[in-house]
Amino acid sequence: AHVHTHHHGLPQQQQQQQQISQMSGLQPQQQQQNLLNQLQQQQQHQQLLLQLQQQQQLQQIQQQQIQQQQHQQIQQQQQNHQSSQQQQQHVQEETLELPADLYLTTRSQYGLPEGAVIFCNFNQLYKIDPATLECWVNILKCVQNSVLWLLKFPAVGEANIVQAASKLGLPVGKIIFSPVAPKEEHVRRGRLADLCLDTPLCNGHTTGMDVLWAGTPVLTLPLETLASRVAASQLHSLGFPELVASSRQDYVDKAIHLGNHPQELAALQARIQEARTTSPLFSTRRYTHDLETLFRRMWDRYEKNLPIDHLP
């Protein structure tokens with residue numbers, strides 16, 4: 001009874017500690033150590049959680065930075081593409097102006113006067129009939145500071161041409177002859193001329209294509225035969241019907257007008273330079289497709305025993 005009375009006389013907190021000690025069998029110092037250990041474990045756990053959160057935030061920041069870099073790269077690529085397109089358009093616009101440095105050779109290499117109007121014809125000399133030579137002489141007389149550039153094709157014909165032109169009153173030195181050149185040089189030097197005067201009796205066929213591909217305008221006069229109408233067909237296909245004369249007088253008048261209006265002639269050269277790559281005239285793929293289609297239509301008519309007829 002004495003012990004019981006004394007137990008109830010202890011403060012309530014001490015009683016609880018004694019009860020815990022009796023229940024756990026641990027001394028108060030051990031309990032404190034356990035509590036400290038638990039606190040340390042909780043702190044370590046919180047630190048780990050904090051580190052994980054920081055790592056996740058860092059990863060998010062890095063991911064955002066990567067996305068921003070990718071977005072910037074895409075924008076830069078788009079800007080570069082637009083800039084490249086603008087540069088290409090600028091180059092095309094400059095090409096249409098036919099800058100002087102476009103030419104890979106010079107007039108002086110062929111004895112052609114600088115600053116003169118150069119009329120040319122690169123056909124064989126047998127295609128020049130008396131009526132055509134007379135037209136050319138009249139053109140040269142009416143266009144100041146102009147010359148006619150021909151080929152020694154053949155060389156034996158040079159003296160005959162000069163003699164015939166002299167009889168028509170053309171001063172010496174107005175016709176300049178050059179030897180036949182390899183294909184690449186032949187096309188390249190064609191750019192040195194201002195206007196090609198076609199031979200109406202028998203046109204320049206491949207020669208006309210070479211001159212047009214060089215960017216030099218061709219003036220022609222179609223007559224009755226197929227050989228005299230090839231250049232007109234080429235010019236219509238290229239989109240320059242204004243270079244197809246309706247008569248010999250019209251042929252002479254057109255040449256004189258262009259020879260005396262250099263700005264108009266330069267604009268014509270620029271248009272031809274551009275049209276080379278857009279018209280069907282130089283499109284081998286389109287020509288081949290159209291020809292094969294025509295062959296198939298011909299064969300279909302043959303298999304159906306249809307009579308021969310023109311195919312539109």
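1. Strands β1 and β2 (residues 146-151) pair in the parallel sense over four bridges, where two strands count as paired if DSSP finds at least two bridges between them. The bridge partner of Phe-119 is Leu-148 in β2. Strands here are DSSP runs of E with at least two residues, and helices are runs of H or I with at least four residues, each numbered from the N terminus. Together with helix α4 (residues 130-142), β1 and β2 make a right-handed β-α-β unit; right-handed means that, with the strands pointing away from the viewer, the path from the first strand over the helix to the second runs clockwise.

2. On the conventions, this is a predicted model, in which local features need pLDDT of at least 70 and side-chain atom pairs count only at pLDDT 80 or more, while totals for chains, interfaces and linings use all residues. Residues are numbered from 1 along each chain as its sequence is written, and side-chain values use heavy atoms, with hydrogens and water left out.

3. Four bridges join β2 to β3, and these strands run parallel, with Leu-150 standing opposite Phe-177 in β3. The chain crosses from β2 through helix α5 (residues 157-167) to β3 in a right-handed β-α-β crossover.

4. Taken as a whole, the open sheet has five strands in the order β3-β2-β1-β4-β5, with parallel pairing. Because β3 and β5 (218-219) stand at the edges with a single partner strand each, one side of each is left without a neighbour in the sheet. The pairing of β4 with β5 rests on two bridges, and Leu-197 stands opposite Leu-219 in β5.

5. Which residues cover the two faces of strand β1 (residues 117-120)? Val-117 and Phe-119 lie on one side and Ile-118 and Cys-120 on the other, and all are buried, buried meaning under 20% relative accessible area, exposed over 50% and partly exposed in between (1.4 Å probe, protein chains only). Strand β3 (residues 175-178) is likewise covered on both faces, with Ile-175 and Phe-177 buried on one side and Ile-176 and Ser-178 buried on the other.

6. A search of the whole structure finds seven salt bridges, each defined as a side-chain nitrogen of Lys or Arg within 4 Å of a carboxyl oxygen of Asp or Glu. One of them joins Arg-248 to Asp-129, with the closest N and O atoms 4.0 Å apart. Since Arg-248 lies in helix α9 (residues 248-259) and Asp-129 in the loop between β1 and α4, the pair ties together parts that are 119 residues apart in sequence. Arg-248 is partly exposed at 31% relative accessibility, whereas Asp-129 is buried at 16%.

7. Another salt bridge is formed by Asp-210 and Lys-183, whose closest N and O atoms are 2.6 Å apart. This pair links helix α7, which holds Asp-210, to helix α6 (residues 183-189), which holds Lys-183, across 27 residues. Asp-210 counts as buried at 13% relative accessibility, and Lys-183 as partly exposed at 47%.

8. Asn-203, in the loop between β4 and α7 (206-213), counts as buried at 0% relative accessibility. Its C-alpha atom is separated by 8.1 Å from that of Asn-123, 80 residues apart along the chain.
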